[in-house]
Amino acid sequence: MILKREFYQQPTLEVARSLLGKKLVRQHDQQKLMGLIVETEAYIGENDTACHASKGKTQRTEIMFGRAGHAYVYFIYGMHYMLNIVTESEGKPAAVLIRAIQPINHIDILKLHRNIDNEKLLTNGPAKLCQAYNINKAFNDWDLCLGKELWIETMDESNNYQIQSSPRIGIDYAEEKDRNAHWRFTLKDNPFLSK
DNA sequence: GTGAGGATGCACT
DNA sequence: GTGCATCCTCACG
């Protein structure tokens, strides 16, 4: 089942947790590239100094102020894209960063996109999975609720996953309270988590 | 296996 | 001009 708008309108921490074990689907050419979401991070509101929107509404961050269920894709370090999903109500800037995925199918295509052969390293990082699934600036503001090109589904079988939380990665510039918040969520012991 | 450093371009001040 | 929600390579030994 394709996740609907109501799913993304929930509190961001709830969305970040619930996205674990869901399936990211990228319709690419004639193929459906699918991966299990195994790691996420929450970025919540103007008071979260790790959140881009804490600096206010700009051309770049206005997506986060918009409708839940849209993608917020930004370019960083001169070469990398990051995939986020906007959450909560319009006007409240918040999003969930997809940090890692476990490939489900078409490993050969992912390897081509990444130009490496080690399956463990294909999608175990936010920029890596964007490269593997060919997610770029074209998907900024894309509506994931349409079920076209890029969306998220529930898995057919029900699974019991154990979820862990920890501080977010790569936000040394943020205030201590935000650096310490356990807003990173992972599937325990999954081999495809980021470093 | 671990850590340092460079790549690289765009949004923002 | 500054700095970044990262990744890869190359040194170690």
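Which residue's backbone oxygen lies 2.9 Å from a polar atom of the side chain of R114? In this predicted model, that residue is L121. R114 is a buried residue without a salt bridge, while a search of the whole structure finds 13 salt bridges.

- R114 belongs to helix α3, which covers residues 107-114.
- Although R114 is buried, it takes part in no salt bridge; D117, the nearest side chain of opposite charge, is 11 Å away.
- Backbone oxygens do approach the side chain of R114: that of L121 lies 2.9 Å from one of its polar atoms, and that of L122 lies 2.8 Å from a polar atom of this side chain.
- When neighbours within four places in sequence are left aside, the contacts of R114 are L121, L122, K128, Q131 and A132.

- R5 and D143 form a salt bridge in which the closest N and O atoms are 3.0 Å apart. R5 is in helix α1 (residues 5-8) and D143 in the loop between α4 (126-132) and β6 (150-153), so this pair ties together parts that lie 138 residues apart in sequence. Both R5 and D143 are buried.
- D48 pairs with R168, with 2.8 Å between the closest N and O atoms.
- K111 and D117 meet through their side chains in a salt bridge of 3.7 Å, N to O. K111 is partly exposed, with a relative accessible area of 24%, whereas D117 counts as exposed at 60%.
- E39, E41, R99 and R184 are joined into one network by salt bridges that share partners.

**D178 in helix α5**

- D178 is located in helix α5, residues 176-180.
- Its relative accessibility is 4%, so D178 counts as buried.
- Not counting residues up to four places away in sequence, D178 touches N47, D48, T49, A50, R168 and I171. Two of these residues, D48 and R168, are the partners of a salt bridge described above.
- T58 is 120 residues from D178 in sequence, and the two are 21 Å apart in space, C-alpha to C-alpha.

**Helix α2**

- Helix α2 spans residues 12-19, and its buried residues are T12, V15, A16, S18 and L19.
- These buried residues pack against α1, β2, β4, β5 (94-103), β6 and β8 (184-187).
- G21 follows α2 and has a positive phi, near 85°.

**Nonpolar surface patch**

- F75, Y77 and M79 form a nonpolar patch on the surface; together they have about 390 Å² of accessible area.
- M79 is placed in the loop between β3 (71-76) and β4 (80-86).
- With a relative accessible area of 58%, M79 is exposed, because the cut-off for exposed is over 50%.

- N115 has a phi near 60°, a positive value in a residue other than glycine. N115 is in the loop between α3 and α4 and is exposed, with a relative accessible area of 68%.
- E149 also has a positive phi, near 65°, and is likewise a residue other than glycine. E149 is found in the loop between α4 and β6, where it is partly exposed at a relative accessible area of 36%.

Terms used
Residues are numbered from 1 along each chain as its sequence is written. Chains are lettered from A and ligands numbered from 1 in the order in which they are written. This is a predicted model: local features need pLDDT of at least 70, side-chain atom pairs count only at pLDDT 80 or more; totals for chains, interfaces and linings use all residues. Side-chain values use heavy atoms; hydrogens and water are left out. Helices (H or I, at least four residues) and strands (E, at least two) are DSSP runs, numbered from the N terminus. Buried means under 20% relative accessible area, exposed over 50%, partly exposed in between (1.4 Å probe, protein chains only). Lys and Arg count as positive and Asp and Glu as negative; His and the chain ends are not counted. A salt bridge is a side-chain nitrogen of Lys or Arg within 4 Å of a carboxyl oxygen of Asp or Glu. A polar contact is a pair of N or O atoms within 3.5 Å; within protein, one must be able to donate a hydrogen and the other to accept it, and residues adjacent in sequence count only if both atoms are side-chain atoms. Contact means heavy atoms within 4.5 Å. Patches are made of residues with over 30% relative accessible area and no salt bridge: like charges are joined within 9 Å, nonpolar side chains (Val, Leu, Ile, Met, Phe, Trp, Tyr) within 5 Å. Accessible areas come from the Shrake-Rupley method with a 1.4 Å probe; for residues, only the protein chains shown count as cover.
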